[in-house]
Every structure is written in C-alpha cells, then in structure tokens.
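The sequence and structure come first.

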2 protein chains.
Amino acid sequence: MTECGNSSASAGTGSGGSFHSMWRELLPIGRHSGSHGYRRFAWTGADTECRAWFKEQAEARGLTYEVDRNGNQWAWLGDPAQGDAVVTGSHLDSVPDGGAFDGPLGVVSSFAALDELRSRRAEFAKPLALVNFGDEEGARFGLACVGSRLTAGQLTAEQAHLLTDGEGVSLPRAMEAAGHDPEGIGADPDRLARIGAFVELHVEQGRALDLSGDRVGIASAIWPHGRWRFDFRGEANHAGTTRLLDRRDPMLSYAETVLAARREAELAGAVATFGKIAVEPNGVNAIPSLVRGWLDSRAADQESLDQVVGGIEKAAGEYARAHGIDLDVVRESFTPVVEFDHALRDELARILGTTTDLKVPVLGTGAGHDAGILAGHIPTAMLFVRNPTGVSHSPAEFAAEDDCVAGVLALADVLEGLACR
Amino acid sequence: MTECGNSSASAGTGSGGSFHSMWRELLPIGRHSGSHGYRRFAWTGADTECRAWFKEQAEARGLTYEVDRNGNQWAWLGDPAQGDAVVTGSHLDSVPDGGAFDGPLGVVSSFAALDELRSRRAEFAKPLALVNFGDEEGARFGLACVGSRLTAGQLTAEQAHLLTDGEGVSLPRAMEAAGHDPEGIGADPDRLARIGAFVELHVEQGRALDLSGDRVGIASAIWPHGRWRFDFRGEANHAGTTRLLDRRDPMLSYAETVLAARREAELAGAVATFGKIAVEPNGVNAIPSLVRGWLDSRAADQESLDQVVGGIEKAAGEYARAHGIDLDVVRESFTPVVEFDHALRDELARILGTTTDLKVPVLGTGAGHDAGILAGHIPTAMLFVRNPTGVSHSPAEFAAEDDCVAGVLALADVLEGLACR
C-alpha cells in the first residue's frame with residue numbers, strides 16, 4: 001500500500017493546473033519555426049529534450065526513474081517487483097511536422113492524473129508506472145512502435161540493427177549517440193510479466209467524439225490495416241507526337257484506380273487513400289513508363305477490408321487491361337485487427353460510468369499505437385480525447401483545454417479504480 | 001559552280017552503303033548498357049565523341065569544317081560568302097535514354113545524301129552546308145534547341161549564362177570544359193542571312209506515315225503547344241483515421257482531371273498528357289496537402305488547343321470545388337503554331353513528285369525542332385521518315401533500313417532540286 005501524499009509539483013494546483021504548466025513546458029521543444037509542426041524524431045536533440053523533461057517530471061514527484069533496455073522511460077510509484085502493476089503513458093516523438101497532441105497528451109495526462117490522485121489522497125494497492133515509449137511514430141527509421149515492439153519481442157535485436165535513417169545511421173548508433181547503450185535491446189518478457197494493465201490516453205485522430213458530442217471515449221479495437229503497392233507499367237513515349245490511340249499511358253489507369261478506391265471505401269464505410277506516388281521518367285513531355293501508387297486502406301473488420309481492397313484490385317485490373325497496362329499489386333504490410341481486452345474495456349466503462357456524468361462511448365480507430373502492440377501480450381485499453389478538427393499528424397491537430405482536463409480526470413478515475421482498490 | 005566528284009567515303013558504296021557504315025559508327029556512342037537508351041547530353045563526353053565523328057565525316061569528304069560562335073558544327077561545300085546557301089542537318093544529342101534516330105538520322109542522312117549527289121555527279125549552283133545543331137533536346141540545361149535559339153537570337157547570351165545543369169554547372173562553363181569558348185555566344189544574323197533554305201530530315205515521332213503506308217513525308221506545321229502546372233491544394237491528414245467526408249484530398253481532383261484531359265483531347269483530335277507529378281508530403285499514410293501535376297497539350301491549331309486546355313481547366317475547377325480543394329493553374333511555357341514556309345514546302349512536294357514514285361504526304365507534328373526555331377527567320381522545311389512503332393524518346397524508337405535509305409534519296413533529290421539548278 002503506497003501513501004500518495006501531495007507532491008510539490010501538484011500542490012495546490014489540481015490536475016488542471018499541473019497539466020497546463022507541463023503542457024507549456026513541452027510546447028516549444030522540437031517545434032519547427034516554418035511549418036509550426038513538430039519534428040521530434042527518435043534519438044535526435046528534440047527527442048533528448050523531451051526525455052530530459054520526462055525524467056525531471058518523474059524526479060519532481062519522487063518517482064523511481066529508469067530507462068529500460070530498449071530506451072523506454074519509466075517512472076514508478078511503488079515496487080515493480082510486487083507485480084500486477086497498472087501502467088499508463090504514451091510517447092513524446094512525432095511524425096514530420098506533426099501536431100502537439102499525438103503522444104504528448106497521453107504522457108502529460110499521466111503525470112497530471114497522478115497529481116490528481118495525490119490531491120485526492122488516493123491509496124494504491126498496486127504499483128503504478130508512467131511510461132514514455134521510444135520511437136512510436138517511426139518517422140526516422142521507417143518502422144512504427146519500435147520501443148514497444150522490441151519490448152514485446154515483435155521486433156528482434158537483429159532486425160532492429162538493420163534499421164537505418166535517411167542518412168544511413170543505424171538505430172543502435174543513433175541510440176548510442178543519444179547516450180543509450182544499445183547492447184541489451186530486445187524482448188523484455190520479465191517487464192511485461194509485472195504489468196497487470198496498460199492504459200494509453202490519446203488524442204482522437206478522427207471526429208467520432210466531436211460528432212457524438214462527447215469529450216472522452218474508450219477504444220474498442222484498432223482496425224485491420226495494410227499498405228499495397230500498385231505498379232502500373234506502360235510505355236514511355238513522346239507526349240507531343242504519340243496519338244492517343246497508340247498510347248499505353250499508365251497515368252490513366254492510376255487515375256481511374258484512385259477514384260475506384262474512393263468509391264469502394266465509401267461503399268464499405270472504410271477508408272482508402274493513395275497518398276504516395278512515384279512516376280518514371282516523370283517528365284513533362286513524356287508519357288510515363290511506370291506509375292507506382294501506394295494504397296493505405298483500413299476498415300472496421302477484416303471482411304470489409306478484404307471487400308475494399310479486392311474491389312480496388314479488380315477495378316485496377318480492368319482499367320489496366322483496357323489501356324494495355326501491366327499491373328502488379330504487392331501487399332507491403334498488413335496488421336490484423338487488434339481487439340482490446342474486453343474485460344479491461346468493460347471495467348473502464350464501469351468505472352467511468354460511476355465516477356462521471358459524461359457519456360463515454362466505445363469506438364474503433366484506424367491508427368496504430370503502442371497499446372496495439374502490447375495488446376497481444378497484456379491486458380490493454382485506450383482512452384481517447386475529443387479532437388474537434390479530426391486532423392492528426394499535422395499542426396492543425398487540436399484538443400480543447402476543457403477536454404484535456406476531462407481526459408486527465410477520466411484517466412485518474414481509471415487508475416484509481418484499477419490500482420487503488 | 002562546284003564539281004562534286006566522288007569522295008573516298010562514298011566511292012562505290014552508294015548512299016545506302018555510306019549511310020550504313022556511318023550509322024554503325026555512331027551506334028555505340030553514349031549508349032547506356034542498362035537501359036539500352038542514349039545519354040548524349042550537350043557538352044558531355046558522349047556529345048564530344050559525336051562531335052568528333054561529325055568533324056571526321058566533314059574532313060573525309062573534303063568539306064570546310066567550322067564551329068560557329070554558339071557551338072553548332074558546319075561542313076561547307078562551296079563558299080559560304082556566296083549566299084543563298086542550302087543547308088541540311090539536325091542534331092546528335094539525345095533525351096535521357098532516348099532512341100538512336102531522333103537527331104542522328106537527319107545528320108547521317110545529310111552526309112549520305114551528299115554522297116548520293118556526288119555519285120550522281122550533280123553540279124551545285126549554290127553553297128551547301130551540313131549542320132549539327134548543339135543541345136537540341138535540352139536534356140541537360142532544361143531548354144530545348146539552345147544552339148538554334150542562340151543563333152536566331154531567340155535566346156540571348158545573358159539568358160544562356162543563367163542556364164545550369166542538375167549539378168549547378170552553367171552552360172558557358174560546360175561549353176568551356178568541352179573545349180568551346182563561350183565568349184562569343186549570341187545572335188548570329190550574318191550566318192542566317194547567308195542561308196536560302198534549311199531542310200531538316202527527322203524520324204517521325206508518331207505513326208501517321210505508318211498508317212498511310214508511306215516511307216517519307218513533308219512537314220506542314222509544328223502544332224502549337226504548351227505546358228500548364230495544376231496545383232491542387234487540400235489538407236494533409238492521417239490516412240487511417242480521417243473519415244472520407246472530412247477529407248480535402250487533392251489526389252481525387254487530380255485523378256479526375258487526368259481523365260478529363262484524355263476526354264478533351266479525344267474530342268478535339270489533339271493530345272494532352274499528365275506525365276509529371278509532385279506530391280506533398282508523399283507519405284503512404286498521409287492524405288496529401290498538395291498534388292502538383294503538369295499538363296502537356298498540343299493541337300493542330302490554336303483554336304483546338306484553347307478548347308482542350310480550357311475544357312480541362314474548367315473540369316479541374318469543378319472537381320476541385322466539389323472536394324474543397326484550392327486550384328491554381330499556371331501556364332509555364334507556350335509556343336504558337338509554326339507554319340513551315342509554304343513556297344519551300346510546295347517546292348519539296350514538286351521535286352519529290354517528279355523524282356520518285358513514292359507518295360509523299362504533308363503532315364503536321366507535335367514536336368519542336370531546330371527547324372521550328374529557324375522557320376521564323378529563313379525558309380525552312382522538314383522531311384519525316386516512317387517510324388512503325390510511333391515511339392519516340394525511347395530505345396523503342398525505330399525506322400527500317402529501307403525507309404532510312406528512301407529518306408536519304410528523298411533528301412538528295414531535294415538538295416539537288418534546290419541547290420543544283
């Protein structure tokens with residue numbers, strides 16, 4: 001049993017006050033003066049500043065600070081060896097020119113929720129840990145959730161050694177340059193075995209809560225999602241002299257496929273996006289020989305996703321045949337549906353149903369998270385905070401102050417309900 | 001009056017024989033082992049080899065060789081000062097991974113036609129010159145027909161000094177590095193004043209001759225053509241979490257515009273091509289903030305071109321509005337129709353009508369040429385040789401040996417008709 005007491009960080013400020021002061025401290029770190037977006041890439045200077053901030057917050061609250069073998073930061077209240085720990089947190093790194101909320105909202109809310117529980121003089125029956133997972137966005141090394149994947153054994157040390165950034169710097173060398181010894185990276189089952197529940201609070205990356213008029217939601221599942229590469233191969237030719245009838249122009253089949261993707265996604269209530277393209281020779285006066293488009297598609301369930309991608313592939317094949325184009329479709333990555341632990345999800349709903357007047361809907365999400373990685377290993381849940389723009393991975397990402405505070409209080413209620421009985 | 005006589009290069013071989021031996025000599029120069037296409041960029045090593053070949057051919061035939069102030073190579077039979085010269089030739093440089101015929105066919109055919117005229121013991125009443133214009137394709141410095149533009153005063157020395165290649169090397173420095181003094185580049189009106197007619201033979205860059213079943217054709221005009229940049233600006237967002245209804249995805253408007261361009265071109269019997277694209281941020285899981293597409297369009301006359309481009313702009317504007325996209329259209333370049341000299345064109349038709357059994361159709365072209373530049377200054381004409389693939393600017397560009405020889409003979413007839421009366 002741990003007596004929480006008042007820490008100096010939270011004394012007299014309440015969860016709202018400590019949230020705001022922490023938020024203001026983080027805001028300038030890694031913000032680009034031109035784009036106003038964040039560039040907090042793993043193991044860079046901006047990341048190191050964020051990590052220093054996390055350590056300060058932990059120490060200011062008298063928590064036991066540690067960095068695990070994979071570079072994730074932990075702040076413990078109580079003895080980890082006791083087991084059945086309740087863990088909360090998220091990540092502090094960002095996509096290129098990302099927003100302020102994706103990741104940091106969950107970390108700041110974790111500290112603010114602890115402050116709230118201390119102001120309530122809550123008594124903990126279980127160890128509590130706050131965590132900052134390293135390299136969640138994968139902006140630098142191209143793979144998302146590296147810190148949690150390594151810990152869960154979903155990424156081996158051998159595989160991690162092969163990851164390099166755009167300058168050819170390997171992940172281990174980048175860790176070393178930032179002061180973390182990469183020698184011990186790899187699966188950390190003992191650490192996972194001590195965790196009874198992990199709850200990640202995150203800004204919503206869509207408008208479901210805004211549309212339902214709710215401040216906070218509980219995650220049901222992460223939609224199955226994947227990436228497919230569509231290679232349309234035609235024949236390079238002179239754009240000025242080649243008759244339309246003599247052309248094998250792959251841009252036409254690509255364009256038709258982009259529109260088919262939208263139609264199929266609409267039909268299935270899913271999403272499908274062609275956001276990346278590479279064209280050869282990409283000359284103004286040249287009919288392309290190759291148009292390569294990448295499809296990102298996600299749906300609420302596997303059957304819907306199969307229907308969407310199958311429909312797009314079928315349409316693309318028909319368009320390609322009509323234009324004399326050779327089509328290859330390659331699935332480059334795929335993540336099946338992640339169902340969060342039903343018992344924990346129901347427990348969160350029960351807790352929040354008794355502690356708050358808020359309606360707390362349960363909703364799915366199309367984005368990946370560290371919680372999605374850990375869900376395969378330990379009971380895991382997520383809380384979402386309303387984002388009225390629905391925008392994510394952009395400086396326009398937003399959550400109102402009142403909603404952030406509502407998220408902190410909901411997280412405090414959940415931690416109290418899970419750890420303090 | 002110049003007695004042609006037999007030169008050693010053509011003795012006993014006839015025009016076909018000299019054509020083939022010259023063709024074989026040129027074939028390996030600047031050919032890329034991977035793509036099998038040509039990379040003969042202006043003022044590079046491959047270009048220098050081609051230029052050395054031209055000089056050898058001129059000297060082997062006892063012609064007066066000179067390089068003009070703009071780096072174009074000339075081989076004279078007779079005294080240039082006499083005036084009213086008949087000039088033929090083309091260029092030896094290539095687009096990236098271009099074919100063997102675009103340019104070199106006209107230069108090789110010029111020498112072979114002279115050999116043919118010497119074997120006929122034709123007597124010249126006017127000076128004759130063979131020319132290799134420098135940097136016709138613009139592959140290195142981004143502007144086509146630099147050699148003829150400079151000579152005609154359509155490109156000033158000041159403008160030429162600003163041209164740089166992908167490595168930042170300026171055109172004058174590149175000339176200097178290849179052994180040409182760039183000090184005197186600029187308009188050369190005295191040279192143009194000495195020319196009575198310029199005839200450029202070129203491989204056809206479409207299938208009109210193949211479809212009509214003719215080996216050789218005469219150019220009527222170069223279609224008006226231009227480049228337009230379409231900027232579709234939307235809102236970057238997460239491809240996994242943003243509802244379709246909340247998106248402002250510029251890729252959709254771009255795709256619709258690509259298909260509209262095809263429809264408008266079909267309606268007008270013109271061509272319209274989106275062959276170059278730039279996307280931001282161009283990430284697989286990101287809805288783009290910007291899709292920038294370049295339209296190349298050409299038509300037989302100005303009215304048709306206006307109709308095509310106007311129709312595409314109108315459609316693009318409607319699609320953009322429907323998707324909440326901001327659209328900017330910028331005309332980046334434009335070349336009005338070039339009508340070749342009617343009297344010279346009719347003279348070529350009359351000559352070939354009497355000297356050959358071939359039907360020689362008159363046809364337009366969508367491609368630019370040095371002949372198109374010079375047409376604004378001196379009487380200019382073009383001959384086309386059949387290209388059964390219709391392919392151009394690609395290793396698949398092709399002309400059959402028989403058709404090449406027919407082209408040489410037609411050019412010889414034209415030169416004899418123009419210069420030997």
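Arg298(A) counts as buried, because its relative accessibility is 5% and the cut-off for buried is under 20%. The model is a predicted one, and in it Arg298(A) is part of strand β13 of chain A, which covers residues 290-298. The side chain of Arg298(A) makes a polar contact with the side chain of Asp296(A), at 2.9 Å.

The UniProt record, an unreviewed entry, places the feature "binding site" at Arg298(A), Arg227(A) and Asn285(A). These positions span 72 residues in sequence, and their farthest two C-alpha atoms are 36.2 Å apart, so they do not all gather at one spot.

Asn285(A) is in the loop of chain A between β11 (271-280) and β12 (286-287). Asn285(A) is partly exposed, with a relative accessible area of 25%. Leaving out residues up to four places away in sequence, Asn285(A) touches Asn237(A), His238(A) and Ala239(A), and also Arg227(B), Asp296(B), Arg298(B) and His393(B).

Ser110(A) lies in helix α3 of chain A. Is Ser110(A) buried or exposed? Ser110(A) is buried, with a relative accessible area of 1%.

| Residue | Relative accessible area | Class |
|---|---|---|
| Arg298(A) | 5% | buried |
| Asn285(A) | 25% | partly exposed |
| Ser110(A) | 1% | buried |

The side chain of Ser110(A) makes a polar contact with the side chain of Thr88(A), at 3.5 Å. Apart from residues up to four places away in sequence, Ser110(A) touches Thr88(A), Gly89(A), Leu130(A) and Leu411(A).

Helix α3 of chain A runs over residues 104-119, which makes 16 residues. From the first C-alpha to the last, α3(A) reaches 22 Å, close to the 22 Å expected at 1.5 Å a residue. Why can α3(A) be called largely enclosed by the rest of the structure? The reason is that 15 of its 16 residues are buried. After α3(A) comes Arg121(A), whose phi is positive, near 60°.

The last topic is how the chains are related.

Note on methods: Residues are numbered from 1 along each chain as its sequence is written. Chains are lettered from A and ligands numbered from 1 in the order in which they are written. This is a predicted model: local features need pLDDT of at least 70, side-chain atom pairs count only at pLDDT 80 or more; totals for chains, interfaces and linings use all residues. Side-chain values use heavy atoms; hydrogens and water are left out. UniProt positions are given in the numbering used here, feature names are shortened, and annotations may be inferred rather than shown by experiment. Helices (H or I, at least four residues) and strands (E, at least two) are DSSP runs, numbered from the N terminus. Buried means under 20% relative accessible area, exposed over 50%, partly exposed in between (1.4 Å probe, protein chains only). Contact means heavy atoms within 4.5 Å. A polar contact is a pair of N or O atoms within 3.5 Å; within protein, one must be able to donate a hydrogen and the other to accept it, and residues adjacent in sequence count only if both atoms are side-chain atoms. The expected span of a helix is 1.5 Å times one less than its number of residues.
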